Amino acid sequence: MDPRRSSVVRTFKLNGYTLRSDAATYLVEILDGVEQENQQATLDKLVDVIQHQNLSSSVLEKGSIERAVCEVNSQILGQTDSLLCVIDAFTVPNFVFNGERKKLVRKDNQSLLSAPRDRGEVFHQRLGLVRQRFMRNSVFLSQPGRYQITPVEQVLGSGQLERVIVLGILIQLAPGRFAIEDDTGTIPMNLQNTEFNSGLFTETSIVIAEGSFEDNQLRVRNMGFPPAEPAVQSRNHFGSSNFFGGPHSHSVKISKKFVEMEQENPDSMIILASDVWLDDARVLAKLRLMFSGYSEFPPAAFVLCGSFLSPSVTGMEAQALKKALKNLATLILEYPTVAQASHFVFVPSMRDIGVRSMYPRPAIPDAITRQFRQKVKNAVFTSNPTRMTYCTKEIVVFREDLTEKLCRNALRFPSEKETLAAHLCKTLLGQGHLLPLPPYVAPVCHLHDAALRLYPLPDLVVLADRFPSFTVVDSGCTLTNPGSFPRSNFEFQVFLAHRNTVEDSALGDAS
């Protein structure tokens, strides 16, 4: 055996780990670029990082080693000291709830060619996360008899029950015929006299159904969503590991350095805008006004969401977008303070050029953005959805006209006692997911479903939607929508990180 390979295998074995063959080969390749006297120190650093990962097995896959290498490189380069970190959806870690160990464990992604049952498993992973959250809810713990959750299998074997509560996935057996499903089975439901609580109830939603069981069906009297859990409670239970993603082994929340940085920058802001049509002269004129206004006090970042071309562009999209980005780069460079101090984060819509068949969708292709990135050094073209950390704040950005999709596919239109924005907030935070819709409505790549999860809850969820702008706060999480920049009064929003607040702004009449 190659002496370097033997050294690699031995180092990890002494620390209780077994390396897969491809993982060992990858490490040998990494060591090729390290001076011989530093190789053992590098291996020790990698072992230390891996010991802080939430791994479900002591057998190390190549993916685990790659993440450790990334983190060590980040530490060497000082990237972990950066106030702003953009996290592409395809790097978000997948944590699942392990019922035996009562903790969140990391699960490495399998092949895209995995069996269809693996794709269906993501819904039961979502259910597992919600179930463990609900079982620790203060209401449930204070009245366990009244809110006892009964597995479907047990209900089906009971014959008849006057009152029963089931937690499960809402599925449609046939048009207009619904059922609730958990890990143990499926029960048909009668929803004729059901009272629905707040939220937008769609197929594949995770619901709590209370009613009676008779004639082999659940006659539902009341249906609601599981309550959201504040992030501080989630972390109190699961610890300070980094479940959000990024180069850090632990949550940015516990970093004294980031706390101090946030306090030292109390006026730092992040600009949020959606439907930034870069081929539209009106939009460029308003962006010029925006950059000019912020030139004396540049924000930490401009988060610009697609679509980046107006609906009038129906062909030659690559050429049109290249030209539009060239014009934007010229405009940004007219304001040197903004170009140097601010980051520019581009989140594409499903209309933008690139892979757009399912979520998460990748960034706009490098070939189109290369010239722009060469001119604007702080530009980041990322996935949709994407994640960001700014100091201690965790931010999720999602460009999708989700309000319309949820309303169109809901079992019933929600009560007018609350605003539609409030119903939307209850839905997303209660589900702990950005897309609580069936796959035929909103296809999701099962390997990267974790990138759409909202658990533990972030500080800010930016839902860039054509629906009029709104801001709702629930369970310590702010859900906000900047609205459509060109379709409104050229509206955008400002996130003040230190205060954890969102302010609405506008640049003038859109007519």
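In β22, Glu491 finds its bridge partner in Ala506; strands here are DSSP runs of E with at least two residues, numbered from the N terminus, and two of them pair if DSSP finds at least two bridges between them. The model is predicted, so to speak of local features takes a pLDDT of at least 70 and side-chain atom pairs count only at pLDDT 80 or more, while totals for chains, interfaces and linings use all residues. Residues are numbered from 1 along each chain as its sequence is written, and side-chain values use heavy atoms, with hydrogens and water left out.

Back to the strands. β21 and β22 run antiparallel and are joined by six bridges. The two make a hairpin with four residues between them, and Asn500 in the turn has a positive phi of about 55°. β21 is mostly covered, with five of its six residues buried, buried being under 20% relative accessible area with a 1.4 Å probe and protein chains only. β21 (residues 491-496) also pairs with β12 (residues 269-273), in the antiparallel sense over four bridges. Across that pairing, Ile270 sits opposite Phe495 in β21.

Zooming out, these strands belong to an open sheet of six with mixed pairing, in the order β15-β14-β13-β12-β21-β22. β15 (379-381) and β22 (501-506) are at the edges with a single partner strand each, so one side of each has no neighbour in the sheet. On average, neighbouring strands of this sheet are turned by 20° against each other, direction ignored. Helix α13 (residues 366-375) packs on the sheet and touches β14 (343-347) and β15, contact meaning heavy atoms within 4.5 Å. The direction of α13 makes about 165° with that of β15; axes are lines fitted to C-alpha atoms, for helices over the stretch in contact, and angles run from 0 to 180 degrees between N-to-C directions.

Then there are the holes. The count comes to four cavities of 30 Å³ or more, a cavity being a set of points on a 1 Å grid over the protein atoms alone where a 1.4 Å probe fits but cannot get out.

How values were computed:
On a 1 Å grid over the protein atoms alone, a cavity is a set of points where a 1.4 Å probe fits but cannot get out, and a pocket is an open set with protein on both sides within 12 Å along at least five of seven lines; lining residues have an atom within 4 Å of a point. Grid points are joined across faces, edges and corners, and a volume is the space filled by probe spheres set on the points. Buried means under 20% relative accessible area, exposed over 50%, partly exposed in between (1.4 Å probe, protein chains only).
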